[in-house]
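Me: I am new to this structure and would like to learn how to read it. Where do we start?

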Amino acid sequence: MAAPGPVLELSGVHKHFGELEVLRGIDMKISKGDVVCVVGPSGSGKSTLLRCINMLEPPNQGQIILEGKEITGETSADALCDVRQRVGMVFQQFNLFPHKNALENVSVAPVTVLDRSKEEARQHATELLGRVGLSDKLGEYPERLSGGQQQRVAIARALAMDPHVMLFDEVTSALDPELVKEVLDVMRELADEGMTMIVVTHEMSFAREVADHLVFMDEGVIVEQGKPAQVLDNPKEERTRRFLGLVLEH
Amino acid sequence: MDVIVQQFFDLNVMRDNFGLIWDGFQQTLLLSLIAGGLSLVWGLVVALLRQLPGRAAAPIRWLTIAYIDSFRGIPLLLILLLVNGSLGALNGDPLPEWLAVPNWFGEPYQFWYGIFAITLTYGAYMAEVYRAGIEAIPSGQMEAARSLGMSHGQAMRQVVVPQAVRTVIPPLLNDFIALMKDTSLVSFIGFVEVVQAGQDVYQVTYNVSALTLGAIFFLICTIPLARVVDWLIARQQARYQRGGIDGPTPTETTSGPLGGTAGA
């Protein structure tokens, strides 16, 4: 698996919905174990970028290369499923399956997609739920879990597919403030364990502390990027300064 | 007053013909349960075909829409007469006899023609109910399933349909009540179910009490079903109001081909 090149490489990625241009040429290189945080105002295309990377929204133009193989242009169902197995995603609204308990939420995809046996998948799911601190909630249904707990189940669910890259789409934005930390702690641990992660977030202190690389996006382009401390403390671009001024000072 | 009571509720007529009416009602029940079960399955198949993604599936989607629109727009009686008038004529060429003039499980071909016509019609109704249920599931559910590598079919099977079916049980039961009443149309092609049995008695006695007895049999089934529907809806709404899992109930309650739902 020691591919010499980057795990993920984007060049000139464009996405439009009708007239609306959401991504206007994104270039990115992400190496194994990197944590990239993407920040920017709402509507800047951050979420769409993540959705392009796992082909929930196929880009209209440009290239995405995952582990040395181009995935843009793939339309066969099998190829897309294969991409999505390697790229895990966690959503702002959790999107847990409400008719399944925590254990089933985490084990359903390995059983249906990877043909794992039920016992094996459940065992793995139990381990993962333990890792996110929910060993005592295996049998609970999502409606009986707090937002923070639901989001941790969602992280475990994505991890159950043994992804090589994890995408986090504003995963703490829908949480009550006191629940944010428990989710960020799980993500911090993942980062420490060497998971390759792309994190769209408004949590600037998390970005500063955990990210190897910070990307500031606005109006569908990358305005500025670099080491988090450098971008956050000494932004070069006026647009970055303005955004950070609004986000950091209050 | 006595004359009226005598006309509708002549206990002697009811008692003397109870066996005939009961036999007829058993046929009604059998028609309802078989056609109802088949409609439930067929309707789900049609709804899923209609939801197939991608350009390649466009002709299939188009066909299912044409089917649903047609069979919801034509009276069940007319469908029944079309089936009855054509299948027999196609016997031997091109249809084999076991299909053209079915005599399965000892039931006459009229029974099975009725099953065909009712299933075709109510399958179209129920497909629309399922569709409302499927479309009421938030798109994030499908996305989450797809993001885990599930195919469209796997996501439907594991995630969307199990949730959708729960929300559409009340409207499906409403359709079943309408279906049950519409089985009486099969009498038009010479099948003796409860209405025809009552009518046969009437033509001998010139008294409608046997028909009244048939109506009572219907009500014994349909009124409790209607109460079950109400109870299920109330339960779902309570659950939804406290932010539970079932989500909004699709409110569409389709009416039967003759325009009536017995619900509520």
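**Reading the interface**

Reply: Across the interface of chain A and chain B, 5 residue pairs are in polar contact, both residues at pLDDT 80 or more. A polar contact is a pair of N or O atoms within 3.5 Å; within protein, one must be able to donate a hydrogen and the other to accept it, and residues adjacent in sequence count only if both atoms are side-chain atoms. On the side of chain A that touches chain B, α2 (77-86), β6 (87-90), α3 and α5 of chain A each supply at least two residues. The most comes from α3(A), with 4 residues. Helices (H or I, at least four residues) and strands (E, at least two) are DSSP runs, numbered from the N terminus.

The model is predicted: local features need pLDDT of at least 70, side-chain atom pairs count only at pLDDT 80 or more, and totals for chains, interfaces and linings use all residues. Residues are numbered from 1 along each chain as its sequence is written, chains are lettered from A and ligands numbered from 1 in the order in which they are written, and side-chain values use heavy atoms, with hydrogens and water left out.

Me: How many residues of chain A and chain B are in contact, and what area do the chains bury between them?

Reply: The size of an interface is often given as the accessible area lost when the parts come together. Here chain A and chain B bury about 1,900 Å² between them, 60% of it on carbon and sulfur atoms. That area is the accessible area (1.4 Å probe) that two parts lose on being put together, summed over both. In contact are 23 residues of chain A and 21 residues of chain B, where contact means heavy atoms within 4.5 Å.

Me: Which side chains meet in a salt bridge?

Reply: A salt bridge is a side-chain nitrogen of Lys or Arg within 4 Å of a carboxyl oxygen of Asp or Glu. Between chain A and chain B the count is 1 salt bridge. A:Arg51 and B:Glu143 form a salt bridge through their side chains, at 2.6 Å from N to O.

Me: Next, a helix. Which residues of α4(A) are buried?

Reply: An α-helix has 3.6 residues a turn, so residues three or four places apart point the same way. In α4(A), the buried residues are A:Ala121, A:His124, A:Ala125, A:Leu128 and A:Leu129. They lie on the same side of α4(A) because they cover an arc of only 135° around the axis; the arc is that of the directions from the helix axis to the C-beta atoms. Buried means under 20% relative accessible area, exposed over 50%, partly exposed in between (1.4 Å probe, protein chains only). The buried residues of α4(A) pack against α3 (102-114) and α5 (147-159) of chain A. Turned away from that buried side is a face with the exposed residues A:Glu119, A:Gln123 and A:Glu127.

Me: What length does α4 of chain A reach, and what follows α4(A)?

Reply: The expected span of a helix is 1.5 Å times one less than its number of residues. Helix α4 (residues 118-131) of chain A has 14 residues and reaches 20 Å from its first C-alpha to its last, close to the 20 Å expected. After α4(A) comes A:Gly133, with a positive phi near 80°.

Me: Where is A:Asn95 found, and what is its phi?

Reply: A:Asn95 is in the loop between β6 and α3 of chain A. Its phi is near 55°, a positive value in a residue other than glycine. A:Asn95 counts as buried, at 12% relative accessibility. A:Asn101 has its place in the loop between β6 and α3 of chain A, and its side chain reaches the backbone nitrogen of A:Glu104 at 2.8 Å. A:Asn101 counts as buried, at 13% relative accessibility.

Me: How many helices and strands are in chain B?

Reply: Chain B has 11 helices and 0 strands. Of its 264 residues, 46% are buried. One position in helix α3 (residues 18-50) of chain B is B:Thr28, which counts as buried at 0% relative accessibility.

Me: Which residues does a cis peptide bond join in chain B?

Reply: A cis peptide bond joins B:Asp93 and B:Pro94, with omega about 0°. B:Pro94 sits in the loop between α5 (76-87) and α6 (97-100) of chain B.
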